[in-house]
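Here are a few exercises to work through with the model open beside you. Try each task before you read its solution.

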Amino acid sequence: MNELAKDLGLLEALTIGVGTMIGAGIFVLPGPATAVAGPAVAVAFVVGGIISIFTAMSASELGTAMPKAGGSYYYVNHALGPLFGSVAGLGNWMGLAFASAFYAIGFGSYVAGFLPDLSVQLAGLAFSQKQIYALVAGALFIAVNYIGAKETGRLQNVIVITLVAILAVFITACAWNADPATLTPLAPKGWGAVLPATALVFVSFLGFAKITTVAEEIKNPGRNLPLAIIGSVVIVTVIYGVIMLLINAVLPWQEISGNGDIAVVEVGRVVLGGAGVVALTGGGLLATASSANASILASSRINFAMGRDKLVSDWLNAIHDKYATPHRSIALTGGLILLFILIGDVKTLAKAGSVLHLIVYGLLNLALIVMREADVPEY
């Protein structure tokens, strides 16, 4: 077997993008990002969305014309040659692996809040309980991806639909309890802090690019791919902006930044009481699970595509006879993700993922210009 199964429809493609982006943007980064920019963090998220929408348009055109596994890597390699293709492929692959570990650690942070402490010391190294839970979750998501894209897509649908319902209740409660005076001053650290905050939160917008990496497995990509890519960026940018503004209108920004990567849970406690804590903790688990799940799906397709093009070992260019998944690529990527969970922290992983993806996005837009100017007949 040498063909990937076309198991993903529009809803699955859209939830891969939306689910991934909501996970980081709402449930992991509000605390750390608010510490950088104060209430102006809402502007930072909108700026990130505006930057992303231009690259999303380029990705939509390239993905529609060339619906192949590997996404940005494939387009850059096809347009600019194997040197730039290798840079884009390795950058995108490692960026997604960093992001996957980042999401898994976020998941571990939420689990650690209400399950027993499993902190351990091994060979002189200390591993926190959130790392232990992140490892368990990462291994589970890798197993789901190994079994098949259809199962991954179905899991995404359930997670994202439930998550959107939780966020709708949360937004309504925040709007009811918001006090505009709490937003004053809007930029306590100066408007110059918006760009550093944008750099930190940009990892929240990587989800739309993940859709292109599974383009070969999307039904009717000419219609579904651009709708999913552009739609996911627009949806999450609006959600980010509204929620960031509202939570900073409910609690002073100093309190939000002081609660780290579970800041949203504390806001939920204020506006919804104990039920809010349960709902937002559950939402955080769903969101970070969704992000990790989709990131593993996307990252494994990149080294699979590079193996198919002989830029890395073609040992990776193998599709499972039963599951029709790139099982060796998933196993290799999964091993790296588990390693990053052990040695990384939230801010380092977020920044590493953001920087690598910005490089890839630059090459992606250049690839679009080259393909248009070259006027290739099959494009």
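**Exercise 1. Work out whether D375 is buried or exposed.**

Solution. D375 has 63% relative accessibility, so it counts as exposed; the cut-offs are under 20% relative accessible area for buried, over 50% for exposed and partly exposed in between, with a 1.4 Å probe and protein chains only. Finally, check the backbone: its phi is positive, about 55°, although D375 is not a glycine.

Before going on, a word on the source: this is a predicted model, where local features need pLDDT of at least 70, side-chain atom pairs count only at pLDDT 80 or more, and totals for chains, interfaces and linings use all residues. Residues are numbered from 1 along each chain as its sequence is written, and side-chain values use heavy atoms, with hydrogens and water left out.

**Exercise 2. Find where K310 lies and describe its phi.**

Solution. Start with the location: K310 is in the loop between α12 (263–308) and α13 (327–343). Helices here are DSSP runs of H or I with at least four residues, strands are E runs of at least two, and both are numbered from the N terminus. Then look at the backbone: phi of K310 is near 65°, a positive value in a residue other than glycine. K310 is exposed too, at a relative accessible area of 55%.

**Exercise 3. Say which residues of helix α8 are buried, and what they pack against.**

Solution. First, pick them out: in α8 (residues 194–201), V194, A197, T198, L200 and V201 are buried. Viewed down the axis of α8, they fall within an arc of 160°, so they line one face of the helix; the arc is that of the directions from the helix axis to the C-beta atoms. As background, an α-helix has 3.6 residues a turn, so residues three or four places apart point the same way. Last, the partners: these buried residues pack against α2 (30–37), α3 (41–65) and α14 (346–374), with contact meaning heavy atoms within 4.5 Å.

**Exercise 4. Find the peptide bond that is cis.**

Solution. Look at T184 and P185: a cis peptide bond joins them, with omega about -5°. As for the setting, P185 belongs to the loop between α7 (149–177) and α8.

**Exercise 5. Check the chain against the globule rule.**

Solution. For 379 residues, a compact globule would have a radius of gyration near 21 Å, and the chain's 20 Å agrees. That radius is taken over C-alpha atoms, and the rule is 2.2 Å times the number of residues to the power 0.38.
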